[in-house]
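Please look through the structure below before reading on.

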Amino acid sequence: MIDKKLSFAAVGLAATASIYFGWRYLQRKEEEGPLEKQPPEKKEPTKSAVDFTVLASAVRFSNPQITTVLRYLLEQSAFLEKQRLMDRSGCFTNICAVFSESSNTVIRVMCYKIFISISTNPALVYRYLEPILSEVDSDLCNRESDYLPLILSLYINLSSMEDAKAFSYHFRTIPQILSRFTHEATERSDVVLSTLKILINMTVAEILFDTSLVFMSSIHLLHSCESPAILLRVLTLLRNTMDCEGLWEGVFEEEIVKGVGVVLTRCPDEQCLELANHVYQRLSAQKD
(Lines give C-alpha, C1' and ligand atoms only; values in the text may rest on other atoms or scores of the structure.)
Protein backbone atom coordinates (compact mmCIF):
# COMPACT_ATOMS: atom_id res chain seq x y z
CA MET A 1 0.00 0.00 0.00
CA ILE A 2 2.84 2.31 0.96
CA ASP A 3 4.57 1.48 -2.37
CA LYS A 4 1.44 2.50 -4.29
CA LYS A 5 1.28 5.79 -2.43
CA LEU A 6 4.93 6.48 -3.18
CA SER A 7 4.33 5.69 -6.87
CA PHE A 8 1.40 8.09 -7.11
CA ALA A 9 3.43 10.77 -5.33
CA ALA A 10 6.32 10.37 -7.81
CA VAL A 11 3.98 10.71 -10.78
CA GLY A 12 2.35 13.78 -9.27
CA LEU A 13 5.73 15.37 -8.57
CA ALA A 14 6.90 14.77 -12.13
CA ALA A 15 3.70 16.27 -13.56
CA THR A 16 4.05 19.32 -11.30
CA ALA A 17 7.67 19.79 -12.35
CA SER A 18 6.73 19.51 -16.02
CA ILE A 19 3.99 22.12 -15.64
CA TYR A 20 6.33 24.45 -13.76
CA PHE A 21 9.17 24.30 -16.23
CA GLY A 22 6.73 24.71 -19.14
CA TRP A 23 5.29 27.82 -17.50
CA ARG A 24 8.79 29.26 -16.93
CA TYR A 25 9.69 28.62 -20.58
CA LEU A 26 6.62 30.53 -21.83
CA GLN A 27 7.27 33.35 -19.34
CA ARG A 28 10.87 33.69 -20.52
CA LYS A 29 9.75 33.83 -24.17
CA GLU A 30 7.30 36.63 -23.35
CA GLU A 31 10.06 38.59 -21.60
CA GLU A 32 12.43 38.19 -24.56
CA GLY A 33 9.82 39.36 -27.04
CA PRO A 34 9.15 37.88 -30.52
CA LEU A 35 12.11 36.63 -32.50
CA GLU A 36 13.27 38.93 -35.28
CA LYS A 37 13.06 37.42 -38.74
CA GLN A 38 16.41 37.10 -40.44
CA PRO A 39 16.60 38.90 -43.80
CA PRO A 40 16.79 36.49 -46.73
CA GLU A 41 20.31 35.68 -47.83
CA LYS A 42 21.32 37.62 -50.89
CA LYS A 43 22.65 35.56 -53.75
CA GLU A 44 25.19 36.78 -56.18
CA PRO A 45 23.76 37.15 -59.70
CA THR A 46 24.62 34.12 -61.78
CA LYS A 47 27.40 34.67 -64.25
CA SER A 48 28.40 32.70 -67.32
CA ALA A 49 30.72 29.92 -66.23
CA VAL A 50 32.99 30.43 -69.23
CA ASP A 51 34.33 33.63 -70.73
CA PHE A 52 34.59 32.78 -74.43
CA THR A 53 36.54 35.98 -75.08
CA VAL A 54 39.33 34.63 -72.90
CA LEU A 55 39.12 31.28 -74.68
CA ALA A 56 39.29 33.01 -78.06
CA SER A 57 42.59 34.62 -77.08
CA ALA A 58 43.91 31.16 -76.19
CA VAL A 59 43.09 29.78 -79.65
CA ARG A 60 46.45 30.33 -81.29
CA PHE A 61 48.93 27.89 -82.76
CA SER A 62 51.72 29.04 -80.43
CA ASN A 63 49.71 28.10 -77.34
CA PRO A 64 51.13 24.82 -75.93
CA GLN A 65 47.63 24.02 -74.58
CA ILE A 66 45.89 24.54 -77.93
CA THR A 67 44.66 20.93 -78.15
CA THR A 68 43.02 21.21 -74.71
CA VAL A 69 41.33 24.48 -75.70
CA LEU A 70 40.12 23.04 -79.00
CA ARG A 71 38.80 19.92 -77.31
CA TYR A 72 36.69 22.05 -74.97
CA LEU A 73 35.44 24.26 -77.82
CA LEU A 74 34.53 21.14 -79.80
CA GLU A 75 32.25 20.01 -76.96
CA GLN A 76 30.65 23.46 -76.76
CA SER A 77 30.16 23.83 -80.52
CA ALA A 78 27.41 21.21 -80.46
CA PHE A 79 25.04 23.71 -78.80
CA LEU A 80 23.40 26.55 -80.72
CA GLU A 81 23.65 29.07 -77.86
CA LYS A 82 27.35 28.26 -77.41
CA GLN A 83 27.84 28.71 -81.15
CA ARG A 84 26.50 32.26 -80.80
CA LEU A 85 28.90 32.99 -77.93
CA MET A 86 31.82 31.51 -79.84
CA ASP A 87 30.87 33.54 -82.89
CA ARG A 88 30.68 36.86 -81.00
CA SER A 89 33.87 36.23 -79.03
CA GLY A 90 36.06 35.52 -82.07
CA CYS A 91 36.60 31.82 -81.31
CA PHE A 92 35.62 30.66 -84.80
CA THR A 93 37.81 33.28 -86.49
CA ASN A 94 40.81 32.06 -84.52
CA ILE A 95 39.96 28.38 -85.07
CA CYS A 96 40.00 28.98 -88.84
CA ALA A 97 43.36 30.74 -88.49
CA VAL A 98 44.82 27.82 -86.51
CA PHE A 99 43.44 25.39 -89.12
CA SER A 100 45.23 27.29 -91.89
CA GLU A 101 48.50 27.58 -89.96
CA SER A 102 48.80 24.05 -88.60
CA SER A 103 49.75 20.78 -90.26
CA ASN A 104 49.41 18.92 -86.96
CA THR A 105 46.99 16.03 -87.48
CA VAL A 106 45.43 16.18 -83.99
CA ILE A 107 44.77 19.92 -84.30
CA ARG A 108 43.32 19.67 -87.80
CA VAL A 109 41.08 16.73 -86.85
CA MET A 110 39.58 18.76 -83.99
CA CYS A 111 39.15 21.76 -86.30
CA TYR A 112 37.34 19.57 -88.83
CA LYS A 113 35.05 18.22 -86.12
CA ILE A 114 34.18 21.78 -85.07
CA PHE A 115 33.50 22.66 -88.72
CA ILE A 116 31.13 19.68 -88.96
CA SER A 117 29.28 20.90 -85.84
CA ILE A 118 28.67 24.35 -87.32
CA SER A 119 28.02 23.19 -90.89
CA THR A 120 24.30 22.90 -90.19
CA ASN A 121 24.16 26.61 -89.33
CA PRO A 122 23.96 28.52 -92.66
CA ALA A 123 25.11 31.84 -91.19
CA LEU A 124 28.28 30.26 -89.80
CA VAL A 125 28.86 28.29 -93.00
CA TYR A 126 29.05 31.45 -95.08
CA ARG A 127 31.00 33.41 -92.47
CA TYR A 128 33.67 30.86 -91.60
CA LEU A 129 33.57 27.72 -93.76
CA GLU A 130 33.17 29.10 -97.26
CA PRO A 131 36.48 31.05 -97.11
CA ILE A 132 38.49 27.94 -96.16
CA LEU A 133 36.89 25.39 -98.52
CA SER A 134 39.80 25.65 -100.98
CA GLU A 135 42.06 24.29 -98.20
CA VAL A 136 39.52 21.56 -97.48
CA ASP A 137 39.55 20.63 -101.17
CA SER A 138 43.34 20.27 -101.03
CA ASP A 139 43.02 17.76 -98.19
CA LEU A 140 40.26 15.97 -100.10
CA CYS A 141 42.43 15.57 -103.20
CA ASN A 142 45.40 14.32 -101.20
CA ARG A 143 45.37 10.52 -101.42
CA GLU A 144 47.41 10.30 -98.22
CA SER A 145 45.01 12.54 -96.31
CA ASP A 146 43.96 11.49 -92.81
CA TYR A 147 40.83 13.62 -92.98
CA LEU A 148 38.78 12.02 -95.76
CA PRO A 149 35.90 10.68 -93.60
CA LEU A 150 35.66 14.03 -91.79
CA ILE A 151 35.61 16.04 -95.02
CA LEU A 152 32.92 13.79 -96.47
CA SER A 153 30.80 14.29 -93.32
CA LEU A 154 31.25 18.03 -93.75
CA TYR A 155 30.24 17.85 -97.43
CA ILE A 156 27.18 15.75 -96.60
CA ASN A 157 25.92 18.66 -94.51
CA LEU A 158 26.83 21.26 -97.14
CA SER A 159 25.15 19.26 -99.91
CA SER A 160 22.01 19.05 -97.74
CA MET A 161 21.61 22.83 -97.55
CA GLU A 162 18.82 24.58 -99.42
CA ASP A 163 21.36 26.44 -101.53
CA ALA A 164 23.71 23.49 -102.01
CA LYS A 165 24.36 24.64 -105.57
CA ALA A 166 26.48 27.44 -104.12
CA PHE A 167 29.02 24.78 -103.12
CA SER A 168 28.76 22.55 -106.21
CA TYR A 169 32.35 23.33 -107.26
CA HIS A 170 33.63 21.64 -104.12
CA PHE A 171 31.71 18.42 -104.83
CA ARG A 172 33.30 17.88 -108.24
CA THR A 173 35.77 15.22 -106.99
CA ILE A 174 33.15 13.05 -105.26
CA PRO A 175 32.62 10.71 -108.29
CA GLN A 176 36.37 10.07 -108.44
CA ILE A 177 36.50 9.26 -104.73
CA LEU A 178 33.59 6.83 -105.09
CA SER A 179 35.36 5.19 -108.04
CA ARG A 180 38.61 4.92 -106.09
CA PHE A 181 37.02 3.11 -103.14
CA THR A 182 34.41 1.02 -105.00
CA HIS A 183 36.64 -2.08 -104.98
CA GLU A 184 37.17 -1.64 -101.22
CA ALA A 185 33.50 -1.16 -100.41
CA THR A 186 33.52 -3.70 -97.58
CA GLU A 187 36.65 -2.36 -95.89
CA ARG A 188 35.88 1.31 -96.54
CA SER A 189 32.11 1.27 -96.31
CA ASP A 190 32.20 4.59 -94.42
CA VAL A 191 33.74 6.36 -97.42
CA VAL A 192 31.49 4.63 -99.97
CA LEU A 193 28.32 5.38 -97.99
CA SER A 194 29.34 9.02 -97.53
CA THR A 195 30.15 9.59 -101.22
CA LEU A 196 26.85 7.99 -102.24
CA LYS A 197 24.98 10.20 -99.77
CA ILE A 198 26.61 13.34 -101.19
CA LEU A 199 25.72 12.25 -104.74
CA ILE A 200 22.12 11.60 -103.69
CA ASN A 201 21.99 15.09 -102.17
CA MET A 202 23.39 16.47 -105.40
CA THR A 203 20.60 14.87 -107.43
CA VAL A 204 18.05 16.44 -105.08
CA ALA A 205 19.71 19.83 -105.58
CA GLU A 206 19.93 19.15 -109.35
CA ILE A 207 23.72 19.50 -109.37
CA LEU A 208 25.33 17.83 -112.38
CA PHE A 209 28.29 15.46 -111.97
CA ASP A 210 30.38 12.93 -113.90
CA THR A 211 27.79 10.19 -114.40
CA SER A 212 30.12 7.84 -116.29
CA LEU A 213 32.27 7.17 -113.22
CA VAL A 214 29.23 7.00 -110.96
CA PHE A 215 27.38 4.51 -113.19
CA MET A 216 30.44 2.27 -113.54
CA SER A 217 30.90 2.26 -109.77
CA SER A 218 27.17 1.59 -109.28
CA ILE A 219 27.24 -1.37 -111.69
CA HIS A 220 30.21 -2.89 -109.83
CA LEU A 221 28.49 -2.43 -106.45
CA LEU A 222 25.20 -3.93 -107.68
CA HIS A 223 27.05 -7.06 -108.83
CA SER A 224 29.53 -7.50 -105.99
CA CYS A 225 28.41 -5.68 -102.83
CA GLU A 226 26.37 -7.50 -100.19
CA SER A 227 25.80 -4.58 -97.83
CA PRO A 228 22.09 -3.63 -97.81
CA ALA A 229 23.00 -0.09 -96.66
CA ILE A 230 25.28 0.48 -99.66
CA LEU A 231 22.89 -1.18 -102.11
CA LEU A 232 20.01 0.93 -100.86
CA ARG A 233 21.99 4.10 -101.51
CA VAL A 234 23.10 2.91 -104.95
CA LEU A 235 19.48 2.19 -105.91
CA THR A 236 18.32 5.52 -104.47
CA LEU A 237 20.99 7.29 -106.50
CA LEU A 238 19.96 5.50 -109.70
CA ARG A 239 16.29 6.31 -109.14
CA ASN A 240 17.08 9.98 -108.48
CA THR A 241 19.38 10.14 -111.50
CA MET A 242 16.55 8.99 -113.75
CA ASP A 243 14.43 11.84 -112.38
CA CYS A 244 17.14 14.48 -112.79
CA GLU A 245 17.28 16.05 -116.24
CA GLY A 246 20.71 15.89 -117.85
CA LEU A 247 22.11 13.08 -115.68
CA TRP A 248 20.77 9.84 -117.12
CA GLU A 249 22.93 8.10 -119.74
CA GLY A 250 21.32 5.31 -121.74
CA VAL A 251 24.70 3.84 -122.68
CA PHE A 252 24.94 2.11 -119.28
CA GLU A 253 21.29 1.09 -119.13
CA GLU A 254 21.70 -2.56 -120.07
CA GLU A 255 24.46 -3.17 -117.51
CA ILE A 256 22.49 -1.37 -114.81
CA VAL A 257 19.45 -3.57 -115.53
CA LYS A 258 21.63 -6.68 -115.12
CA GLY A 259 23.03 -5.33 -111.84
CA VAL A 260 19.59 -4.55 -110.45
CA GLY A 261 18.53 -8.06 -111.47
CA VAL A 262 21.38 -9.49 -109.38
CA VAL A 263 20.12 -7.54 -106.36
CA LEU A 264 16.59 -8.87 -106.93
CA THR A 265 17.78 -12.47 -106.88
CA ARG A 266 20.30 -12.21 -104.06
CA CYS A 267 19.57 -9.43 -101.56
CA PRO A 268 17.47 -10.47 -98.51
CA ASP A 269 16.65 -6.90 -97.43
CA GLU A 270 12.99 -6.05 -98.11
CA GLN A 271 13.58 -2.30 -98.53
CA CYS A 272 16.34 -2.96 -101.07
CA LEU A 273 14.15 -5.43 -102.93
CA GLU A 274 11.26 -2.98 -103.10
CA LEU A 275 13.46 -0.19 -104.47
CA ALA A 276 15.30 -2.56 -106.82
CA ASN A 277 11.97 -3.71 -108.23
CA HIS A 278 10.90 -0.09 -108.72
CA VAL A 279 14.13 0.77 -110.57
CA TYR A 280 13.94 -2.43 -112.65
CA GLN A 281 10.36 -1.69 -113.72
CA ARG A 282 11.26 1.84 -114.75
CA LEU A 283 14.30 0.73 -116.71
CA SER A 284 12.30 -2.01 -118.45
CA ALA A 285 9.61 0.53 -119.36
CA GLN A 286 12.25 2.86 -120.83
CA LYS A 287 13.65 0.02 -122.98
CA ASP A 288 10.22 -0.77 -124.35
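Axes here are lines fitted to C-alpha atoms, for helices over the stretch in contact, and the angle between two of them is taken between N-to-C directions, from 0 to 180 degrees. The model is a predicted one. Two packed helices are described by the angle between their axes and by the distance between those axes.

Take helix 10, residues 174-181, and helix 11, residues 189-204: their axes cross at roughly 150° and come within 9 Å. Helix 10 is therefore roughly antiparallel to helix 11, since angles over 145 degrees count as such. The crossing of helix 10 and helix 11 is left-handed. On the helix 10 side, Ile174, Pro175, Ile177, Leu178 and Phe181 take part in the contact, and they meet Val191, Val192, Thr195, Leu196, Ile198 and Leu199 of helix 11. By class, ten residues of this contact are nonpolar, one is polar and none is charged.

A second pair is helix 5, residues 91-101, and helix 6, residues 105-118, which pack at an angle of about 140° with axes 10 Å apart. Helix 5 and helix 6 are therefore oblique to each other. Their crossing, too, has a hand: the crossing of helix 5 and helix 6 is left-handed. Helix 5 contributes Phe92, Ile95, Cys96, Val98 and Phe99 to the contact, while helix 6 contributes Ile107, Arg108, Cys111, Tyr112, Ile114, Phe115 and Ile118. The contact of helix 5 with helix 6 holds eleven nonpolar residues, no polar ones and one charged residue.

Ile132 sits in the loop between helix 7 (122-129) and helix 8 (133-141). Leaving aside residues up to four places away in sequence, Ile132 touches Cys96, Phe99 and Phe115. Cys96 and Phe99 belong to the helix 5 side of the contact described above, and Phe115 to the helix 6 side. The C-alpha atom of Ile132 is 9.5 Å from that of Ala97, although the two residues are 35 apart along the chain. Is Ile132 buried or exposed? Its relative accessible area is 6%, so Ile132 is buried, the limit for that class being under 20%.

Finally, the chain as a whole. The chain has 15 helices and zero strands. Of its 288 residues, 40% count as buried. The accessible surface of the chain comes to about 16900 Å², and carbon and sulfur atoms account for 54% of it. Among contacts between residues at least 6 apart in sequence, 68% join residues at least 24 apart.

Technical notes:
Residues numbered from 1 in each chain as written. Predicted model: local features only at pLDDT ≥ 70, side-chain atom pairs only at ≥ 80, totals over all residues. Heavy atoms only, no water. Helix = DSSP H or I, 4+ residues; strand = E, 2+ residues; numbered from the N terminus. Parallel < 35°, antiparallel > 145°, perpendicular 65-115°, else oblique. Left-handed = near helix turned anticlockwise from the far one by under 90°. Contact = heavy atoms within 4.5 Å. Nonpolar A, V, L, I, M, F, W, Y, C, P; charged D, E, K, R; others polar. Buried < 20%, exposed > 50% of the residue type's maximum accessible area, 1.4 Å probe, protein only. Areas by Shrake-Rupley, 256 points an atom, 1.4 Å probe, with all protein chains shown as cover.
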